[in-house]
Amino acid sequence: MISRKNNEDNVEVSNIKSIEKIIGYSFNDKKLLQRAITHVSYNTSKNHNSDNYQRMEYLGDSILDFVIADELYRNYPQFDEGRLSKFRANIVSREPLANIIDKSKIVDFILYDKNATVLSKKIKSDFFESIVAAIYLDSNGLKETKKFILKYLKPYINAEVKNDNYDYKSMLYEFCSAKKWNIKFEEKEISGPPHDLTFTMQLVIDNKIICEATGKKKQDAEKKCSKIALEKFGEIKN
């Protein structure tokens, strides 16, 4: 274990090794990663003139947008441009990126002046983007960069796509209209006490029961039915 006895070089080397272990990538040029985790306040406090993360954050922001856009475009052909743009904006927003920096413990190794700077969510999200740029520059391509991005953001992609706010019912009606299929929802059952009813709805297409689902409102049950049907027809992924 490297001693940290007031030796800045040892502290920085230890940070580099720790972050490489977390992100699963070993840098050829360690200075790229060191720059990516260095806040401007750290250099100021140490009277250093070395570079910081800010320019790399600019590059990483664009790379991150592209990788997520590419991932969404290739894997979710059922969604239009507007929906994909909304997904991407939510996935690469400040909250999830800052959350990753915290939960992965990368935050523990960022170099900054603790007396002059508070690591806000904005700053933490910028550090995620600067690390993206560092990996891209060191590996000379997108393969390792994409691996790092999706390692942490794939769960957010899945969660976004499964968001219940999507209008699956309208999508199903459009799909069935194109096929010239007749579609209707039928109430199968209402159960539970008056103050806490549960509705079971059936989806019927061309007089054939496709599926059924339950919900506290008829609309919720119908939405669930629509999603199940779209998955069965291969229009969306489970």
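**Entry 1: Ile 37**

Is Ile 37 buried or exposed? I looked this up before anything else, keeping in mind that the model is predicted. Ile 37 has a relative accessible area of 1%, so I wrote it down as buried, the cut-off being under 20%. I found Ile 37 in the loop between helix H2 (30–36) and helix H3 (40–45). Next I asked which residues it meets, leaving aside neighbours within four places in sequence. Ile 37 is in contact with Asn 15, Ile 16, Ile 19, Phe 109, Ile 110, Leu 111, Phe 127 and Ile 131. I also noted that Ile 37 and Ala 134 are 97 residues apart in sequence, with their C-alpha atoms 9.6 Å apart in space.

**Entry 2: the whole chain**

I stepped back to see the overall plan. The chain has 10 helices and 3 strands. Reading along the sequence, I get α-α-α-α-α-α-α-α-α-β-β-β-α. Of the 238 residues, 44% are buried. The chain exposes about 13600 Å², and carbon and sulfur atoms supply 47% of that area. I then turned to contacts between residues at least 6 apart in sequence: 53% of them join residues at least 24 apart.

I picked Ile 68 for another look. Setting aside neighbours within four places in sequence, I list its contacts as Arg 88, Ile 91, Val 92, Ile 149, Leu 150, Leu 153 and Ile 157.

**Entry 3: Thr 145**

I found Thr 145 in helix H8 (residues 143–161). Thr 145 is buried, and its relative accessible area is 0%. Beyond its neighbours within four places in sequence, Thr 145 is in contact with Ile 63, Val 132, Ile 135, Tyr 136 and Ser 139.

**Entry 4: salt bridges**

How many salt bridges does a search of the whole structure find? I got 16.

I started with Arg 74 and Asp 70, whose side chains meet in a salt bridge at 2.8 Å, N to O. Both lie in helix H4, 4 residues apart, which is about one turn of the helix. Arg 74 is exposed at 60% relative accessibility, whereas Asp 70 is buried at 17%.

Glu 71 forms a salt bridge with Lys 154, with the closest N and O atoms 2.8 Å apart. This pair links distant parts of the chain, joining helix H4 to helix H8 across 83 residues. Glu 71 counts as buried at 8% relative accessibility, and Lys 154 as partly exposed at 28%. I also see that Asp 70, Glu 71, Arg 74, Lys 146 and Lys 154 are linked in a network of salt bridges.

My last pair was Lys 188 and Glu 212, in a salt bridge at 2.9 Å, N to O. Lys 188 sits in strand E1 (residues 183–191) and Glu 212 in strand E3 (residues 208–215), 24 residues apart. Lys 188 is partly exposed at 46%, and Glu 212 is partly exposed at 39%.

Key
Residues are numbered from 1 along each chain as its sequence is written. This is a predicted model: local features need pLDDT of at least 70, side-chain atom pairs count only at pLDDT 80 or more; totals for chains, interfaces and linings use all residues. Side-chain values use heavy atoms; hydrogens and water are left out. Helices (H or I, at least four residues) and strands (E, at least two) are DSSP runs, numbered from the N terminus. Buried means under 20% relative accessible area, exposed over 50%, partly exposed in between (1.4 Å probe, protein chains only). Contact means heavy atoms within 4.5 Å. Accessible areas come from the Shrake-Rupley method with a 1.4 Å probe; for residues, only the protein chains shown count as cover. A salt bridge is a side-chain nitrogen of Lys or Arg within 4 Å of a carboxyl oxygen of Asp or Glu.
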